[in-house]
Amino acid sequence: TVGGTMEAYLTACAEQFLHQEPYDKLAEYYNVWLVYAHSRTEGTGVRSGSCTIFGTRHTDPERASTVEGNHGDILAFVSSATGRDCSNAVIGVIMNTSTYGGTCYWNYNSFDKWNYSIAYTPAAPGDFLPTFTHETLGHGIGKLGDEYNANSSNPGSAPSSYPYWVNYGLDANVDNVSDPAQVRWRNFLSDPRYASEGLGVFEGANYANYGWYRPSENSVMNIQTAEGGDRFNAPSREAIYQWTKMWLAGSGVTSGYGNWASYIAANYNYEEFVAFDKAPSPWATRSSFKKKPRSPLKVTLHDGRVIEREFPQHTPPVIVEP
């Protein structure tokens, strides 16, 4: 209800969105709606979500971070509640459950017709805003990839190719190329204006220990409880900027371009982004806003065990094809 716990959760997410760089400088391009939905029971389901209005559930008890809901029901409800066409909206679902998790689903028809994204974030004990930032702002809007590896002794196997990223503008913050002169974020590596950000080519990303690379030692898209985990790195900020100003606020990609890479090559101005990126945050002089320090999360598993996970990992975003 209004004034209740859920409103506090939703308000905190909205404030996080408006204060998180680079969204703090892109707020004029977004409308933020707080939508309330009530289920017959509290909590969420395991495998089955029949007890909740949107069928929210932990789909795999062995991987507590995997969560989902009925996407069509969510889209219809949000569209009705807001009175708007939400077919290309980004929807963040805050789940009333104490079990840790987080998963984002991308939905598209074709290269130039991206549809809605739905990001699920359980309101787990402690500060769940890092998960919201990772899933909704990182995956959902920025179409960013995960910058962590498998986090195990098994080296894993990196795919030899990634069929979506060039055509659809995905995962601008990971690459399977290690050469600094060829990697996707090479502009930043040779730009002295970014020398202080610790950018480079760091092995371990996209759930692989070897063969995939990330731009920084840490970021929002990696380990949120470690140093640097409260910030998007420069290549991620660039991707968010491109999606916001060139796609969402613009006319989108037209049929005159074969893929996202060719569209960016023809329309994107790197120097304009740098000027935007280096401009001070509108909140820089407002002492009323202070980011809370990150702390390790205590995770409740489905069997009742409680573990302390200092380096929480979420499941990778899921691409939903028609």
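Reader: In S8, which residue is the bridge partner of alanine 205?

Author: Alanine 208 is the partner of alanine 205 in S8. A word on the source: this is a predicted model, in which local features need pLDDT of at least 70, side-chain atom pairs count only at pLDDT 80 or more, and totals for chains, interfaces and linings use all residues. Residues are numbered from 1 along each chain as its sequence is written, and side-chain values use heavy atoms, with hydrogens and water left out.

Reader: In which sense do strand S7 and S8 pair?

Author: Helices (H or I, at least four residues) and strands (E, at least two) are DSSP runs, numbered from the N terminus, and two strands pair if DSSP finds at least two bridges between them. Here S7 (residues 202–205) and S8 pair in the antiparallel sense, over 3 bridges. Their hairpin has 2 residues between the strands, and asparagine 206 takes a positive phi near 55 degrees there.

Reader: How many residues of strand S8 are buried?

Author: Buried means under 20% relative accessible area, exposed over 50%, partly exposed in between (1.4 Å probe, protein chains only). Strand S8 (residues 208–214) is mostly covered, with 5 of its 7 residues buried.

Reader: How many aromatic pairs does the structure hold?

Author: Rings of Phe, Tyr and Trp (its six-membered ring) pair if their centres lie within 6.5 Å; planes under 30 degrees apart are stacked, over 60 edge-to-face, the rest tilted. There are 17 such pairs in this structure. One of them joins phenylalanine 188 and tyrosine 270 edge-to-face, at 5.6 Å centre to centre with 70 degrees between the planes. Phenylalanine 188 belongs to helix H5 (residues 186–189) and tyrosine 270 to helix H8 (residues 270–278), so their pair ties together parts 82 residues apart in sequence. Phenylalanine 188 and tyrosine 270 are both buried.

Another edge-to-face pair is tyrosine 241 with phenylalanine 273, at 5.2 Å and 65 degrees. It links tyrosine 241 in helix H6 (residues 234–248) to phenylalanine 273 in helix H8, 32 residues apart. Tyrosine 241 counts as buried because its relative accessibility is 5%; for phenylalanine 273 the value is 0%, so it is buried too.

Reader: Over which ring does the charged end of lysine 143 sit?

Author: A charge sits over a ring if NZ of Lys or CZ of Arg is within 6 Å of the ring centre and within 35 degrees of the ring normal. For lysine 143, the ring is that of tryptophan 243, with 4.8 Å to its centre. Lysine 278 lies over the face of tyrosine 194, 4.1 Å from the ring centre.
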